[in-house]
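Have the model open in a viewer with the sequence alongside. The tour below goes from one selection to the next and says what is there.

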Amino acid sequence: MSKLSFSTGATPAPHMLRNVTKVSWALLGGLFIFSGLIKLNDPVGTAYKFEEYFEVFAVDLPALDSIFLFFRGMSRTLSIVLSSLEVILGVALLLRWHLRAILWILLGLLVFFTFLTFYSAAFNKVTDCGCFGDFIKLTPWTSFAKDVFLLVLWAVVFFNQRFLRHSFVQGTPGIMTMTFVSAIAIGIGMRALGHLPYFDFLPYKVGNDIGKLMKPAEPARYRYTMTRNGETKEFDEYPTDSTWKYQAMTAVNPEKSRPVITDFEVSDIDGNSYTQELLKGNKMVLIVQNTNKADRDRFEAINALMAATAKSRKDITALTITSTSPAKFDSFRHDVNLSGPYYFADATVLKSIIRSNPGLVILSNGVVQAKYHYHDIPELFEVEKALAQTFQ
């Protein structure tokens with residue numbers, strides 16, 4: 001006689017669904033932490049992106065322009081707050097600390113970011129969302145697709161929370177852990193805000209040769225699609241046989257045949273180019289992006305350093321580059337007692353060169369030898385030491 005058995009417990013969850021949920025949970029938390037840390041590495045650059053968005057919204061929604069312009073002025077604070085929040089929420093998710101509440105907050109952020117990336121893509125307003133800072137450049141539609149993917153991960157985790165019931169921290173230890181994580185995240189951002197990014201992903205980073213990056217790495221190469229008597233064939237070189245008829249041309253090496261730096265141009269007050277002269281010899285360049293926002297308290301130390309370069313055996317030329325109008329800058333330099341020649345360049349270029357206003361860039365024959373935030377003004381011997389270093 002066979003024995004009957006009855007199951008009294010819940011039916012075990014499908015193995016595949018449990019694994020998909022856990023993978024989605026790990027990916028969602030990890031990507032939020034990664035995205036937040038990349039932004040905290042360069043909070044000034046992140047703030048520039050916020051400024052772009054707020055300027056666009058102020059123009060497109062004139063009835064609310066005062067609100068958006070107010071937030072534009074808060075861009076650096078928002079940069080630290082939102083970037084830190086990404087890290088904090090990512091860690092909380094991975095620790096499953098108050099999981100349901102954390103997921104709802106994550107949804108709010110995801111909806112907000114998805115709206116921004118869709119708006120950028122659909123109306124071509126901000127061509128790079130800055131989702132992963134300057135480390136990974138994403139097109140607007142790629143950014144939007146990334147946010148949709150994150151929403152899918154969120155949905156998988158939210159509707160299958162039963163597989164993530166065990167919390168790794170809770171109670172007082174959980175509060176202490178999250179307080180520590182918050183302090184670390186905010187501290188990372190504040191340190192980068194008051195100095196320079198920990199890692200520089202821009203074309204003007206230390207060790208880069210500006211002159212070389214203004215030229216293509218290699219000549220452009222193309223593949224030609226030709227037809228003859230109904231036959232289609234591709235050629236690496238344009239055929240000399242005139243019986244082949246041209247159809248299309250495709251670039252084989254578009255990245256290497258295009259200069260990395262395309263907008264670096266420095267000129268004097270009369271509009272004469274100074275770019276090539278700047279890339280010769282030893283130069284100590286003071287970058288003053290915008291005189292309205294430049295920290296004037298640091299100019300006593302800056303002026304002393306610029307005067308000291310005249311005594312250097314390294315034959316260092318000290319000069320200033322700004323994006324401010326000539327008349328306004330002339331008034332400013334008298335206010336801060338800044339001497340020496342000065343030149344002009346595009347504001348966006350200067351923001352890319354250094355995340356400091358003012359900031360110092362040391363060049364040797366166009367190679368970036370060192371960069372200094374205005375909180376870290378060096379002594380002359382440090383500048384000379386920087387000029388002596390070599391790069392592979």
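In which helix do Arg333 and Asp330 both lie? Select helix H11, residues 326-335: this predicted model places both residues there, three residues apart, about one turn of the helix. Arg333 forms a salt bridge with Asp330, and their closest N and O atoms are 2.9 Å apart. Arg333 is buried, at 19% relative accessible area, while Asp330 is partly exposed, at 26%.

**Salt bridges between elements**

The whole structure contains 14 salt bridges. Select Arg228 and Asp241 next; their side chains meet in one of them, at 3.1 Å from N to O. Arg228 belongs to strand S1 (222-228) and Asp241 to the loop between strand S2 (231-235) and strand S3 (245-251), so the pair ties together parts 13 residues apart in sequence. Arg228 has a relative accessible area of 27% and is partly exposed; Asp241, at 33%, is also partly exposed.

Now go to Arg72 and Glu51, which form a salt bridge with the closest N and O atoms 4.0 Å apart. This pair links distant parts of the chain, since Arg72 is in helix H3 and Glu51 in helix H2, 21 residues apart. Arg72 is partly exposed at 24% relative accessibility, whereas Glu51 is buried at 10%.

**A nonpolar patch on the surface**

Stay with helix H3 (residues 65-73) and select Phe70, which lies in it. Phe70 has 52% relative accessibility and counts as exposed, because the cut-off for exposed is over 50%. Phe70 forms a nonpolar surface patch with Leu61, Leu64, Ile67, Phe71 and Met74; together they have about 520 Å² of accessible area.

Select Trp154 and its surroundings. Neighbours within four places in sequence aside, Trp154 is in contact with Leu28, Leu103, Leu106, Leu107 and Leu110. The largest nonpolar core has 40 residues, and those touching the most other members are Leu28, Leu93, Leu103, Leu106 and Trp154. Two or more residues each come from H1, H2, H4, H5 (99-123), H6 (140-158) and H7. H5 gives the largest share, 10 residues. A second, separate core of 24 residues includes Ile316, Phe329, Phe332 and Phe344.

**Helix H7**

Finish with residues 171-193. The 23 residues of H7 should span 33 Å at 1.5 Å a residue, and the end C-alpha atoms are 33 Å apart, which agrees. Its buried residues include Gly174, Met178, Ser182 and Ala185. Among the elements covering the buried residues of H7 are helix H1 (15-41), helix H4 (75-95) and strand S8 (367-373).

Definitions and conventions:
Residues numbered from 1 in each chain as written. Predicted model: local features only at pLDDT ≥ 70, side-chain atom pairs only at ≥ 80, totals over all residues. Heavy atoms only, no water. Helix = DSSP H or I, 4+ residues; strand = E, 2+ residues; numbered from the N terminus. Expected span 1.5 Å × (residues − 1). Buried < 20%, exposed > 50% of the residue type's maximum accessible area, 1.4 Å probe, protein only. Contact = heavy atoms within 4.5 Å. Core = buried A, V, L, I, M, F, W, Y, C linked by side-chain atoms within 4.5 Å. Patch = residues over 30% accessible without salt bridge, like charges linked within 9 Å, V, L, I, M, F, W, Y side chains within 5 Å. Areas by Shrake-Rupley, 256 points an atom, 1.4 Å probe, with all protein chains shown as cover.
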